[in-house]
Amino acid sequence: MNEEGVKVPLLTINDLRVEFPTYWGTVKALDGVTLEVNRGEIVGLVGESGCGKSVTAMTVMRLLPPGQYRIASGSVKLSGEELLTKTEREMETIRGKRLAMVFQEPMTSLNPTIRVGEQIAEVIRVHQGLSRAEAAERAAQLLHSMRIPDAERVSRQYPFQMSGGMRQRAMLAMALSCGPDLLVADEPTTALDVTVQAQVLRLIQQKSAELGTAVLFITHDFGVVAQVCRRVAVMYAGTVVEAGPVEVVLREPLHPYTRALLTALPERFSRDERLTVIPGSVPNLLHPPAGCRFEPRCPHGDEHCRASKPPTVSRPTGLGEHRVACWAMDGNQALAGAMNGGGVGERGR
Amino acid sequence: MRLRESSSREREVPAAAGRRAGRNADGSRGTVAGQLGYSWYLLRRNPLSLIGLGIVLAVGLVALAAPVVAPHPPDAVALAERLLPPGPSHWFGTDEMGRDILSRVIWGARVSLSAGLIIVGIGAFFGIAIGSASGAIGGVTDTLIMRLMDVILAFPSLVLSMALAAALGPNLTNAMLAVAFVRIPVYVRLVRGQALEVREKDFVRASRASGASGTWTVVHHIIPNTLTPVLVQASLDIGGAILTASALSFLGLGAQPPTAEWGAMVSSGRRFILDQWWYATFPGAAILVTAIGFNLFGDGLRDILDPRLRR
């Protein structure tokens, strides 16, 4: 890797705005997403359902349904190369080779009519031009490297003969078959039970370290983030509200949304306590709030927050940059004071 | 689910199925054999489909073995034995040229059966190609293709195939092409509907995400997952195709005399129907039995391949 490769982050998403025109109006699904993933790094992308995590992933992969979306602004760069202007044909040579993806549902992400080994071999044949037999052998090796016992036999099985965990490992084998630079993992363990989830997480970590593959790990589970990620970005209603090293974000969250999320984790409560919730509900993305998108639910929001979007403020920490998009961090002392004084979870006004 | 998917592949490529069965002799042993056993069990539970299977096999065997089974050559003219009623030397009687009707019905099985298979084969082939492309591409192309299919379907199928056959010129090949053409929209609709469903599946996205091109995805992932209903439709269609091809021959637009074709035989026997009932009756009965056989067999196949419709 040259000097420049070290400096340029592997993946740079800058001010990405993606819209979906519908009959009822334009859904502003992503509203200025900014995110970086460095080489070999595992970055978590956290947020609740519908906040734009998957749209971000699909935009990076350029797999959103053609003709049904609009990229209003922004850029997505892989090693400094713009992906948004690539043709479909160029993307086909990048997908699978430099960019790979695993999906949430291992039950449906393998073709039921094709043997697992053949499906993995397919990717190898597309990108490495190996013969059928060589690719089949390579597929079995890959399954073996995913800690699948008796990989030879498993590679000749159909997906229905495998358990969810095995299928997700097979998906990983497929995604990692060409040693991609970046793996986009869209909730890869959500559909698995807890013990299998732990195994698959460990596997992803090991493979990432072994192959030098960076991972954009999409999840809604802070526990998983704490376990595997080095950095984390928290999304809310199409924007990244806070991003930074996992230790920093989880210990000293600065954005009111992150704080509210962390205080609402069920693990923090004893049996007979009531769980805290974030009041209100996710904004309608057809008519999102003009200012800060979290303002209607924020305990500290004021006129200022309602009027205009908060800028992203960066502060250095020992572990790396910590970025927050909140007016309270931008010199609004009254707001900052209220946040640090008042309790989170109840509306202050 | 498991049964549906893999048995459709077996039936699709019998040679590959054999290879698979052989390779399966490991830990997953017995899955293919087990599925065949289960299919047999379902078939046996439904005596009508078993009868259908019997008829299909019998007609197929007779057609294959026609030169051996037929007591006389199909076009051996014996003017001394004209219009003989059924008897020990001519079980089904003879026609106005003294030809043995039984032998002609037996040879006719070849014509009718191959006509049925070819018609359905052409229809299904183009139906799969057009339907999967239409479903995968979507948008304006899809709309145009489907409206065109609607236009074809809007005509009564027999009338349209008659017109086509007449325009192409009356012979058996053209009649088959005409009937096949009219069947295409049925398969296009079927495959497109399936393709629309399959293309939203995660494994299609996963294939795209690993760099497969659109065409590759259609051929490797979408088409194999649409074949089951096509197979059922095709098996149900063969009976109808034989019927329509015979109808065209009956109307003089298909097989021409002296070809031993059931529809053409019924047509020439029509003139004698009041006095020599056997002439038109036996070829007609052959059409009836074969069409019923394929329909019953198709119902049974659907029960095996589509668990959701299983009673």
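Mentor: Happy to; let's talk about confidence, then the interface, then a helix pair.

Trainee: Great. What ipTM and pTM does the predictor give the complex?

Mentor: This is a predicted model, and the predictor gives the complex an ipTM of 0.75 and a pTM of 0.75.

Trainee: And what does chain B average in pLDDT?

Mentor: Chain B averages 83, with 87% of the residues scoring at least 70. Residues 1–30 of chain B stay under 50, and the model has 36 contacts beyond four places in sequence for them. Where pLDDT is low, the predicted coordinates should not be read in detail.

Trainee: Noted. How many residues of chain A are in contact with chain B?

Mentor: 31 residues of chain A, and they meet 25 residues of chain B. On the chain A side, the elements giving two or more residues are helix H3 (88–94), strand E6 (99–102), helix H4 (116–128) and helix H7 (164–176).

Trainee: Which of them gives the largest share?

Mentor: H4(A), with 4 residues. By class, that side of chain A has 14 nonpolar, 10 polar and 7 charged residues.

Trainee: Switching topic: at what angle do helices H6 and H11 of chain B pack?

Mentor: About 125°, with the axes 11 Å apart; H6 spans residues 101–137 and H11 spans residues 214–222. That angle makes H6(B) oblique to H11(B), and their crossing is right-handed.

Trainee: Which residues meet there?

Mentor: Ser132(B), Ala133(B) and Ala136(B) from H6(B) meet Gly214(B), Val218(B) and Ile222(B) from H11(B). That contact divides into 4 nonpolar, 2 polar and no charged residues.

Note on methods:
Residues are numbered from 1 along each chain as its sequence is written. Chains are lettered from A and ligands numbered from 1 in the order in which they are written. This is a predicted model: local features need pLDDT of at least 70, side-chain atom pairs count only at pLDDT 80 or more; totals for chains, interfaces and linings use all residues. Two residues are in contact if their C-beta atoms, placed from the backbone, lie within 7 Å. Ala, Val, Leu, Ile, Met, Phe, Trp, Tyr, Cys and Pro count as nonpolar, Asp, Glu, Lys and Arg as charged, and the others, Gly among them, as polar. Axes are lines fitted to C-alpha atoms, for helices over the stretch in contact, and angles run from 0 to 180 degrees between N-to-C directions. Angles under 35 degrees count as roughly parallel, over 145 as roughly antiparallel, 65 to 115 as roughly perpendicular and the rest as oblique. A crossing is left-handed if the near helix is turned anticlockwise from the far one by less than a right angle, and right-handed if clockwise. pLDDT is the predictor's confidence in each residue, from 0 to 100.
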